[in-house]
Amino acid sequence: MLDLVGSTALAQQLPLSTWSALLNQWSLQIVELLEGYGGWLLPLQGDAALACWPADQAGAALEAAQQAHQLTGALPLAGALDLSLTLRAGLAAGELALLPWREPQPCGLPLHLAQRLCSNALPGETLLCPEMAQLLESRPGQGFSRLQPRALPPLRGFELLQSSGAVFYRAVPSNLHPGSDEMKAG
């Protein structure tokens, strides 16, 4: 899950036509990015995007999230308006089911966990659940990021997972913050 940080405040500060043009530019670029990395994109929720990948493409999901941070920070219209946009992201892995609506819609705990992680991420940060980190560790690839353990406040609905000693992670581009307590991802 990706979420544009501070968008409600921006929507109140900018004229509606400017806000809608900015959100439209961001949305179009995010859709292209996520689909370009093989993500199955769910309908956009205003300033939030949610996409799903098969487990064997966990590295693509992480790289897409990291690239989304860069894309958001370099959005042309934001630059022209002298705005600094940031993103927060939450990645979770696990089993999903499909609801048989007009267009199939996924459902399952990983979607809820991704939203909770996204809500707890700092601006510019990508948080991952333990299962996502494990998938990345078992499928080395591009080497785009390193994972650092990250303490989190209680995640509503996931208190049992947290009380079991589950370790959550933040993704750090490998060229920025190498360290001995980090796990290589991707």
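## Salt bridges in a predicted model

Glutamate 125 and arginine 170 join their side chains in a salt bridge, with 2.9 Å from N to O. This pair links distant parts of the chain, 45 residues apart: glutamate 125 sits in the loop between α5 and β8, and arginine 170 in strand β10 (residues 169-173). Keep in mind as you look around that this is a predicted model.

Glutamate 125 has another partner, as its side chain also meets that of arginine 150 in a salt bridge. Arginine 150 lies in the loop between β9 (145-149) and α7 (159-163), and glutamate 125 in the loop between α5 (109-120) and β8 (126-128), so this contact ties together parts that are 25 residues apart in sequence.

Elsewhere, the side chains of arginine 88 and aspartate 3 meet in a salt bridge. Arginine 88 belongs to strand β5 (residues 87-91) and aspartate 3 to strand β1 (residues 2-4), so the pair ties together parts that are 85 residues apart in sequence. Both arginine 88 and aspartate 3 are buried.

Here is the set, which comes to three salt bridges:

| Salt bridge | N to O distance |
|---|---|
| Glutamate 125 and arginine 170 | 2.9 Å |
| Arginine 150 and glutamate 125 | 2.8 Å |
| Arginine 88 and aspartate 3 | 3.5 Å |

Conventions: Residues are numbered from 1 along each chain as its sequence is written. This is a predicted model: local features need pLDDT of at least 70, side-chain atom pairs count only at pLDDT 80 or more; totals for chains, interfaces and linings use all residues. Side-chain values use heavy atoms; hydrogens and water are left out. A salt bridge is a side-chain nitrogen of Lys or Arg within 4 Å of a carboxyl oxygen of Asp or Glu. Helices (H or I, at least four residues) and strands (E, at least two) are DSSP runs, numbered from the N terminus. Buried means under 20% relative accessible area, exposed over 50%, partly exposed in between (1.4 Å probe, protein chains only).
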